[in-house]
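I opened the notebook to look up charge pairs, aromatic rings, a pocket and some backbone angles. The entries follow in the order I made them.

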Amino acid sequence: MAEQAGNLTFGIIKPDAVRAGRTGAVLQRVLDAGFRLRAMKLIHLTRREAEGFYEVHRERPFFGELTAFMSSGPCVVLALEKEGAVRAWRDLMGATDPAKADEGTLRKEFASSIGENAVHGSDSEENAQIELAYFFSRLEFV
Ligand code: ATP
Ligand code: MG
């Protein structure tokens, strides 16, 4: 994967969007925006797995709420390929708080609050590699 690291990012369709039956709608938006799916699966995180994933936020006041939410139901984890994928995916997602998200972004359309905000995206190429490795083995990439 390393040879094309700049073109890969990691995304999640979070439990709120899956629960609301929006998985297909989000995936269509992903494909329409020109991302190529390199890996994808439906998983239900345990509380401990959610804590591991969001370890950097452990000291934040919303850590308990965040990890309870992320383990509250199935989510879809994605390896997304596009030129400048990290930036492009965060642009498509929109601001963390959907009230501040631009028109046309996924969070504007699918998110209900800053806590339940429909999608996740890596914030740097380095974190994309770490997060992809947290969820996918080499064999799961096509
Ligand atoms: P993500 O990492 O999920 O893509 P982000 O990078 O836009 O989102 P972060 O600052 O990394 O935002 O926060 C991680 C997640 O923690 C947010 O997506 C949101 O679900 C939750 N979160 C952030 N700030 C708050 C808050 N003030 N109250 C409740 N939940 C929050
Ligand atoms: Mg983040």
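Entry: burial. I took buried to mean under 20% relative accessible area, exposed to mean over 50%, and partly exposed to mean in between. I also noted that this is a predicted model. My test case was F53. At 10% relative accessibility F53 falls under the cut-off, so I logged F53 as buried. I then looked up F135, which is buried too, with a relative accessible area of 8%.

Entry: the F53 and F135 rings. I looked up the ring geometry next. A pair of aromatic rings is described by the distance of the centres and the angle of the planes. The structure holds nine aromatic pairs. For F53 and F135 I read centres 5.4 Å apart and planes at 65 degrees. Planes over 60 degrees apart count as edge-to-face, so I filed this pair as edge-to-face. Where do F53 and F135 lie? F53 is in helix α3, residues 47-53, and F135 is in helix α7.

Entry: Y134 is partly exposed, at a relative accessible area of 39%. I then asked which residues form one aromatic cluster. The list reads F10, F53, Y54, Y134, F135, F136 and F141.

Entry: a charge over a ring. I looked up F35 and found K82 over its face. K82 is 5.1 Å from the ring centre.

Entry: salt bridges. Side chains of opposite charge can pair when their charged atoms come close. How many salt bridges does the structure hold? I read eight. I looked at E81 and R38, whose side chains meet at 3.3 Å, N to O. E81 lies in strand β3 (residues 75-81) and R38 in strand β2 (residues 36-43), so the pair ties together parts that are 43 residues apart in sequence. Are E81 and R38 buried or exposed? I found both buried. R36 also comes in here: R36, R38 and E81 are linked in a network of salt bridges.

Entry: K41 and E140. This salt bridge reads 3.0 Å, N to O. K41 sits in strand β2, and E140 sits in the segment after α7 (125-135). The pair links distant parts of the chain, 99 residues apart. K41 has 23% relative accessibility, so I logged K41 as partly exposed. E140 has 34%, so E140 is partly exposed as well.

Entry: E55 and R58. I looked up this salt bridge and found the closest N and O atoms 2.8 Å apart. E55 is partly exposed, with a relative accessible area of 39%. R58 counts as partly exposed at 35% relative accessibility.

Entry: helix α2. Which residues of α2 (residues 23-32) are buried? I listed T23, V26, L27 and V30. They cover an arc of only 100 degrees around the axis, so they lie on the same side of α2. I then checked the backbone just after α2. G34 takes a positive phi there, about 95 degrees.

Entry: A118. I looked for a positive phi in a residue other than glycine, and A118 came up, near 70 degrees. A118 is placed in the loop between α6 (106-110) and β4. Its relative accessible area is 0%, so I logged A118 as buried.

Entry: the largest pocket. I read a volume of about 700 Å³. The lining has 27 residues, and the closest to the pocket centre are Y54, V56, H57, L66 and H120. Which elements give two or more residues to the lining? I noted α3, α4 (63-70), β4 (119-121) and α7. Of these, α7 gives the most, with four residues.

Last note: two residues returned in my entries. Y54 belongs to the aromatic cluster, and Y54 is also among the residues closest to the centre of the largest pocket. R38 bridges to E81, and R38 belongs to the network with R36.

Note on methods. Residues numbered from 1 in each chain as written. Chains lettered and ligands numbered in written order. Predicted model: local features only at pLDDT ≥ 70, side-chain atom pairs only at ≥ 80, totals over all residues. Heavy atoms only, no water. Salt bridge = Lys/Arg side-chain N within 4 Å of Asp/Glu carboxyl O. Buried < 20%, exposed > 50% of the residue type's maximum accessible area, 1.4 Å probe, protein only. Arc of directions from axis to C-beta. Phe/Tyr/Trp six-rings, centres within 6.5 Å; stacked < 30°, edge-to-face > 60°. Lys NZ or Arg CZ within 6 Å of the ring centre and 35° of its normal. 1 Å grid on protein atoms, 1.4 Å probe; cavity = no way out; pocket = protein on both sides within 12 Å on 5 of 7 lines; lining within 4 Å. Points joined across faces, edges and corners; volume = space filled by probe spheres on them.
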